[in-house]
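Hello,

Here is the structure I promised to pass on to you. Have a look at it first, and then read my notes below.

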Amino acid sequence: MSLNMISATVRSDASSRLAEGRKWHTYPAVSLGWNIHKESFMKDVSLINKLKIRAGYGQTSNQAVDPYKTLGKLSSRPYNFGTTYSTGYYVTELLNTELGWEYSETVNVGLDFGILKDRLSGSFEYYVTDTKDILLNLGLPKTTGVNSYTANIGETQNKGFELSLNGIILDN
């Protein structure tokens, strides 16, 4: 067996929209592949002209929050205090010094194939994506004076199978 495809990358991104100490995230990715149809034991199998097994792992992320969400916000309100006209300030957005990246890790394994000189081809794939530190608005009681604030809360998982088939029915 000869593993004839490998790719690995590492990337780091920063976002000024996120809290101090949480601005950077590093993304590793690696993929492997093996073209089985190119192996010597497959040379006499004329029915199969493409057969590849592949696997991969990688991360992506999301920093889709409005600028300055980590700082909080005050708004002003004019009011009369007796005979004096004054301006008061109140909290309209809570600060969040913990706001960081939402990121997803994906693992996938696939099989690509082609038979009958690629008249029938396709792929079969299994994937799992785990998303962590999801960026969501967390609702607060109205008594706080603030409706919500953005936080890294929750996680989710998506997984499934994908099948893609291609066929050449008529070829003049």
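**What I found**

Let me begin with a single contact between strands: Ser104 has Thr131, in β7, as its bridge partner. Please keep in mind throughout that this is a predicted model.

That bridge belongs to a longer pairing. Strand β6 (residues 102-115) and β7 run antiparallel and are joined by 13 bridges. Both strands are part of an open sheet of six strands, in the order β1-β2-β3-β6-β7-β10, with antiparallel pairing. At the edges stand β1 (5-14) and β10; each has a single partner strand, so one side of each is left without a neighbour in the sheet. On average, neighbouring strands of this sheet are turned by 10° against each other, direction ignored.

Next, the aromatic rings. The count of aromatic pairs comes to three. How are the rings of Phe124 and Phe161 arranged? Their centres are 5.6 Å apart and their planes are at 20°, which is under the 30 degrees cut-off, so this pair is stacked. It links distant parts of the chain, since Phe124 is in strand β7 (residues 120-132) and Phe161 is in strand β10 (residues 155-167), 37 residues apart.

Tyr126 is partly exposed, at a relative accessible area of 31%. Through these ring pairs, Phe124, Tyr126 and Phe161 are linked into a cluster.

Now to the buried side chains. In soluble globular proteins, nonpolar side chains tend to be buried together. Here the largest nonpolar core has six residues: Leu18, Tyr27, Val65, Leu99, Trp101 and Leu135. Another core, of five residues, lies apart from it and includes Trp34, Ile36, Met42 and Leu51.

The charged end of Arg11 sits over the ring of Tyr27, 4.7 Å from the ring centre.

I hope this helps you find your way around the model.

Best wishes

Conventions: Residues numbered from 1 in each chain as written. Predicted model: local features only at pLDDT ≥ 70, side-chain atom pairs only at ≥ 80, totals over all residues. Heavy atoms only, no water. Core = buried A, V, L, I, M, F, W, Y, C linked by side-chain atoms within 4.5 Å. Buried < 20%, exposed > 50% of the residue type's maximum accessible area, 1.4 Å probe, protein only. Phe/Tyr/Trp six-rings, centres within 6.5 Å; stacked < 30°, edge-to-face > 60°. Helix = DSSP H or I, 4+ residues; strand = E, 2+ residues; numbered from the N terminus. Lys NZ or Arg CZ within 6 Å of the ring centre and 35° of its normal. Pairing = 2+ DSSP bridges. Axes fitted to C-alpha atoms, helices over the stretch in contact; angles between N-to-C directions.
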